[in-house]
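Hi there,

Here is the structure I promised to pass on. My notes on the ligand site follow below it.

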Amino acid sequence: VSQLMGIGTLMEFAGPVVREQYLPRLTSGEMLLALGITEPSGGSDPGAAATRAERDGDSFLLTGRKVFITNSHWAGLALVVARTSSDPRRGLSVFAVDTASPGFRTGRAEHKTGLKGCVTGELVLDQCRVPASHLLGEEGDGLAITIKAISEYGRMGNAGVALGLMQAVFEETQALAAAVGQLHQPLVREGLAAIYGETQAARLLTYQAAWLLDTGARADAEVATTKFFANDASLRCVRRAMAIAGSRGLVAGHPLERCFRDAIPLISADGTGDIQRIVAARSLVGRFS
Ligand SMILES: Cc1cc2nc3c(=O)[nH]c(=O)nc-3n(C[C@H](O)[C@H](O)[C@H](O)COP(=O)(O)OP(=O)(O)OC[C@H]3O[C@@H](n4cnc5c(N)ncnc54)[C@H](O)[C@@H]3O)c2cc1C
């Protein structure tokens, strides 16, 4: 999801120097990308970023700390949100930071509950020198770029992961019930039907929101609703699956145990459920009033 967010953002906002230098390696998968928004003070309000970027000739010097960043320790390029002025609306800018730059280092890597296939950790910038050509868009465009990246790529990607997880839960639960000779039980069949219903609802919401974005429409409510529904539904599906599987599903390494752990971090990644409901409500109230 981070790779998708970063590549989409670079294609839209990066200048020719950054595009030519990094996009081929990023799109081929040779290089990974990190997106540095969240700071120790919180991630829900990207406008509150305290990381500073000060102009120094043809460069900017970036100083600050980003936390809970996907691909932190593996990325060759990090898109970092930093404050270039105190203007409340246009005080932020986004920089493409080569992780080999002097003044850039990684901090702690978190041992999180699930999603263990990717590293999540800290980026530390200490007077990190970044060429002015690595500024995305114009100085002051940072908040708009960040919100676009999160809402159009991050939340949709997150919903897609939750949807895949639900599909896996359905298949694994059915296979397990068949293997232990319980597939004929009415309650097992009812549980499978409920998981299927949740999965299909999340699928249709995800496809509709993605289609709307593809048409160029503004789809804040649809994307936010899809994200929180898919996250909540995946937790409901996993809970039902665990009830059907009995103790077998709890054994470390069992696919259902992995789905159970993976469903949890998806809730706050790309913005919590509460923030999605706030975004959706704001857009819907405006639409129908
Ligand atoms: C697996 C994973 C991967 C991640 N990857 C990245 C990444 O690559 N890059 C990145 O920048 N971040 C990343 N994050 C961080 C993620 O974006 C944040 O966790 C998320 O934005 C929420 O921020 P927070 O955890 O700091 O909670 P906070 O912002 O501190 O919020 C705490 C609580 O307060 C609530 N809250 C906050 N503000 C309001 C409000 N105005 N109204 C009502 N309730 C509110 C929230 O809903 C939440 O319940 C990742 C997180 C996870 C779990």
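For residue classes, Ala, Val, Leu, Ile, Met, Phe, Trp, Tyr, Cys and Pro count as nonpolar, Asp, Glu, Lys and Arg as charged, and the others, Gly among them, as polar. On that basis the shell around the ligand has 9 nonpolar, 8 polar and 2 charged residues. This is a predicted model, where local features need pLDDT of at least 70 and side-chain atom pairs pLDDT 80 or more, while totals for chains, interfaces and linings use all residues. Numbering runs from 1 along each chain as its sequence is written, and side-chain values use heavy atoms, without hydrogens or water.

Of the 19 residues around the ligand (a heavy atom within 4 Å), Leu35, Thr38, Ser44, Thr70 and Thr272 come nearest.

- Leucine 35 has a polar backbone atom 2.7 Å from a ligand nitrogen.
- Serine 44 places a polar side-chain atom 2.6 Å from a ligand oxygen.
- Threonine 272 has a side-chain N or O atom 2.6 Å from a ligand oxygen.

The protein covers 64% of the 970 Å² of accessible area (Shrake-Rupley, 1.4 Å probe) that the ligand has on its own.

Best wishes

Definitions and conventions: A polar contact is a pair of N or O atoms within 3.5 Å; within protein, one must be able to donate a hydrogen and the other to accept it, and residues adjacent in sequence count only if both atoms are side-chain atoms.
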